[in-house]
4 protein chains.
Amino acid sequence: MAICNFMSDNAAAACPEVVEAVIKAAPAQAAGYDGDDWSRQLDARFTDLFGRPCMALPVGTGTAANALALACLVPAWGAIACHPEAHIQVDECGAPEFFTSGAKLLLCPGANGKLTPEGLSAGLASHRGDVHQVQLAALSITQATECGTVYQPDEVAALAAHARAQGWRMHMDGARFANAVAHLACEPAAMACDLDALSFGCIKNGGLSAEAIVLFDLALADQLRWRRKRAGQMPSKGRFNAAQIIAMLDDDVWLRNARAANAGAQHLAAAVHDRLLYPVEANELFVQLRPGEADRLRAEGFQFYDWGAVGSDEARLVVSWDTPAAAVEQLARALAAG
Amino acid sequence: MAICNFMSDNAAAACPEVVEAVIKAAPAQAAGYDGDDWSRQLDARFTDLFGRPCMALPVGTGTAANALALACLVPAWGAIACHPEAHIQVDECGAPEFFTSGAKLLLCPGANGKLTPEGLSAGLASHRGDVHQVQLAALSITQATECGTVYQPDEVAALAAHARAQGWRMHMDGARFANAVAHLACEPAAMACDLDALSFGCIKNGGLSAEAIVLFDLALADQLRWRRKRAGQMPSKGRFNAAQIIAMLDDDVWLRNARAANAGAQHLAAAVHDRLLYPVEANELFVQLRPGEADRLRAEGFQFYDWGAVGSDEARLVVSWDTPAAAVEQLARALAAG
Amino acid sequence: MAICNFMSDNAAAACPEVVEAVIKAAPAQAAGYDGDDWSRQLDARFTDLFGRPCMALPVGTGTAANALALACLVPAWGAIACHPEAHIQVDECGAPEFFTSGAKLLLCPGANGKLTPEGLSAGLASHRGDVHQVQLAALSITQATECGTVYQPDEVAALAAHARAQGWRMHMDGARFANAVAHLACEPAAMACDLDALSFGCIKNGGLSAEAIVLFDLALADQLRWRRKRAGQMPSKGRFNAAQIIAMLDDDVWLRNARAANAGAQHLAAAVHDRLLYPVEANELFVQLRPGEADRLRAEGFQFYDWGAVGSDEARLVVSWDTPAAAVEQLARALAAG
Amino acid sequence: MAICNFMSDNAAAACPEVVEAVIKAAPAQAAGYDGDDWSRQLDARFTDLFGRPCMALPVGTGTAANALALACLVPAWGAIACHPEAHIQVDECGAPEFFTSGAKLLLCPGANGKLTPEGLSAGLASHRGDVHQVQLAALSITQATECGTVYQPDEVAALAAHARAQGWRMHMDGARFANAVAHLACEPAAMACDLDALSFGCIKNGGLSAEAIVLFDLALADQLRWRRKRAGQMPSKGRFNAAQIIAMLDDDVWLRNARAANAGAQHLAAAVHDRLLYPVEANELFVQLRPGEADRLRAEGFQFYDWGAVGSDEARLVVSWDTPAAAVEQLARALAAG
């Protein structure tokens, strides 16, 4: 019995283009600390991708990307509005608080892992904002969300308008940005036109060890450089991280990989369409299993995480860029037989 | 005219064994977040290397290794005794202060970049240690030092005895630990037997993107794990960093590389033995150039950093594991002709 | 028309005993930095009051007391379970995050501003506590609560047992501790026997400028001293703060003042017993006003804060130790006539 | 034998005007949190004193004043140039590092506790200021200095011009600002015209429990308010601190007190003019005692701190605003007889 891994896209392989880029960057000497030819291309590559001036700096994890970006946008006495399921709230061991020197995350409700202007207003209704309270300074949304859903461009625009009206900065955790853009089949620029900073994810999507912080407010560029160095996120052989990111952008490898993962998820979704907890719009499914079904699936070699409360029989299924089509097909059948 | 780079070992290539290890780790899926087979070997590999129980965790930079290690050893109201030339003081943009939440570095003098018990006592003579002052909590030394010198085992032992007598923890910045061990031709254990934590450098020595924090006080193991996660230094595909480190340890690649670099430095040292600022014991030389010599060397294609005060005609020359023997020979002749 | 102030006990006068103590401490020289006779009495006085060894250090605000106490109990990667209405969450501008270097507050529900073991379990049900998450390290409760209610001794004991079972530390925000003890007519020790640290409030209760941190875990004593100094909360003329606190303890002035405030609140409560939002157990009332009633009361000279959502016609009424009985009687009649 | 205390002005009494102000502020209710009549006067009073717009906020200690002011002027990745003897370096248990979230103090030499442009340049000669290093952001000087000397207006102006040319902010630790102004017999404005922030000391000079942060860069006003609240330095009954400060300013009590202390120091200085370590310009003397003299003086009832290295026979003598003239005379004779 083969093991079929639907636990996490963090378990995926690195894709050939990325590995090839590392191999090519390895044998020659190159200037250290972002002085190399790869690192020096990044700003231009992302400026090209997003159609407006930006700076891009590699870091080693999505947590670092989020926390460094937020630290540039929010003072220590500030607050970040986010969803209760946000990765920055739930899965970063307090990194945003560490990097911001103690800012607070204020949680606002929203269906399907998505925030709305109304949800923000409701969640912050009792926040007075006087000197005794932290000062709201930024909105952070995740695209695709932690529930496997995707904000439509008009939803992002509405949130951005709301944020602007309040004087907030706007950050997007794009650990699965590629999956969102692939789902929407939109220009990347359409997703990023209102942002101050984007955590552009590569690792889950076939990368090896680099994510990119894309900073659109260039007034913060020096601050981000200093914060990154100070955080131990400025590698001496920066070319290896930069080369990976460039390999993802070249020939739209990032979108190709994301489309593959999304397609697998859609295949599975069709098999359980009547028991999905959220719409399936990226590469994650959240499924209401039947009693005993989880055990049976695992006995058949499928690996995945339980979800929700103990005993709820909810499961999370993640399809990666490299999940074999046969494994997806096999799981789809097992679920349909559920 | 070929460019001969003596600027920094940070510009060196990644060595074939390291690249090969990354290639091998790439194509298969593997458990995320240190659950993979490579990451799970690290503790045993370093326990073996150092002859006593320890934990080893990869991080992305030497700055992160130093700052995370120190944060485990020193409270926010604590102080770290170190040399004025220490990398943690001079070249980490305040990372130790950031990770420790504001501890202080107290600078103590020492010839050739090396601390001594006497230098520590002199440097701290006016430190009272009452409630109005930060509390001395750790000693951090660099091996090999920022001056290209190497502590002898008895020198480390004397410092460790001094630290123990004061109740201080002991950290070693081993960005060039390999060069020191290669120079001393000693057991690695002899260099680490008194340490609470070691930043074990790989990147300058042929690595790609991973250094290791080696923690000997296992009571701090959980704290280090949490701090590392919180610092965005726990990559989801941890196998790529772990595999690099293992490749360095296998067949003593780390020592082979360091020996090559050290040998190049000795070759150069012989050519300028009467105008060295410090003894040459690792892979760095600090040389008193003659007026005009720097310009002439650069015109001949040699690259290096000026050192010391403006106009001092001092230069730093660094030999890497991959600096071609021909380049070293060429520079040795140019210097001898100086 | 006289102004009758029911806005906050922070607006109250300093009571004569406290002022007298300051006057007595003023004219003579005395050793600085807690070396004076008043400061040196504090540990003994609180040890006496609580029937077990403790250390007591004055600070300038309740916010400082809470944040310093929590910083001693919770690491930077830790979490504090508290009520969504907790002062530390709502009204301290992120001081707990600042002093702890970025710990998180995790909010748990509870009726009438009070936490319960069940509420804690419910609120933390989805908290996994693995390395990706902050580590629960303390429970903080407010006594009397922000809703003007008081935990019964068995309620505190149940929370303490729950906290102990989880390995959490326990902190009590006692900004209105006096009002709670006065209400319960219990021994102070009965309220504090399970605590690691207590913020013992004086200022709202007739004090002038000093609160006390009472630390029961003496293993943390030095840490608290260093943190307090480092936070700029160790005054050079410490005698003035210590003298105030001693004056509050002498002859149970603290309980006398609290009883007066509580009695006024009971008087008012009787007049609006059918429209109270929470039971009245200390010196605060939360009242459902009738449409137009707020305006009418203000026109009659009564001052108070609106509460809850805009348009909810909820009001908070606070009685201080020095609120004139006539003012209370006048407001009681006005409310009864409402 | 009477005890004659020359240990510290921190041991001094509170002066009658200050105590009277507290007494007057005590019995009435007043709006909390700086809403009272005293707090609301402070900005105008200091604007008047210094002849230019400023904001003044009371805090509880000089350490808090310094650290909060610096935190507004310097980012976490910043550096503050100061003297090795600076109180912020030596006697605040890392408060500047805590409040700034980890900025560094870079120490520059200077005779008699005073910095000069040349000393700054020398001390920072090897600071490159690239991305690997902290960014110099402020100069902090102490007036009067920790050596009992006073910067002349032209010396401050030269430092300010140097700071401006480098783009640094400028802070003055004025724990003994009154003694400096009294010594110079200048307008206070002449001492503060180049500053971004001043820690205006009251406590050593006859105050009770309040210092003032005077902020001249009003663009930082909100930031300072939030940082102060967050630091637990915004008392609910703020009137007591504000009233003390106003009492010091009224009728130039602050200068009267400082002149008294300075005069006592001059009297002593005349008795030991040939063995002073530094010029005596404020209320502190540093004296080279003769072997055995310290013991003899203590046996005669004089209290003071040893200074310098153990066995150096150096002493610090501090005269306070309230040191009895007879005590000064007695010590002067004892020293003259030395």
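Reply: In chain A, 20 residues of domain 1 are in contact with 20 residues of domain 2. Two residues are in contact if their C-beta atoms, placed from the backbone, lie within 7 Å.

This is a predicted model: local features need pLDDT of at least 70, side-chain atom pairs count only at pLDDT 80 or more, and totals for chains, interfaces and linings use all residues. Residues are numbered from 1 along each chain as its sequence is written, while chains are lettered from A and ligands numbered from 1 in the order in which they are written.

Now the two domains. Domain 1 of chain A covers 4-11 + 254-336, and domain 2 covers 16-252. These bounds come from an automatic or database domain assignment. The C-alpha centres of the two domains of chain A lie 26 Å apart.

Next, the side of domain 1 that touches domain 2 in chain A. Helix H12 (253-271) and strand S9 (284-288) each supply at least two of its residues. H12(A) gives the largest share, eight residues. Helices (H or I, at least four residues) and strands (E, at least two) are DSSP runs, numbered from the N terminus.

By class, this side of domain 1 of chain A has eleven nonpolar, four polar and five charged residues. Ala, Val, Leu, Ile, Met, Phe, Trp, Tyr, Cys and Pro count as nonpolar; Asp, Glu, Lys and Arg as charged; the others, Gly among them, as polar.
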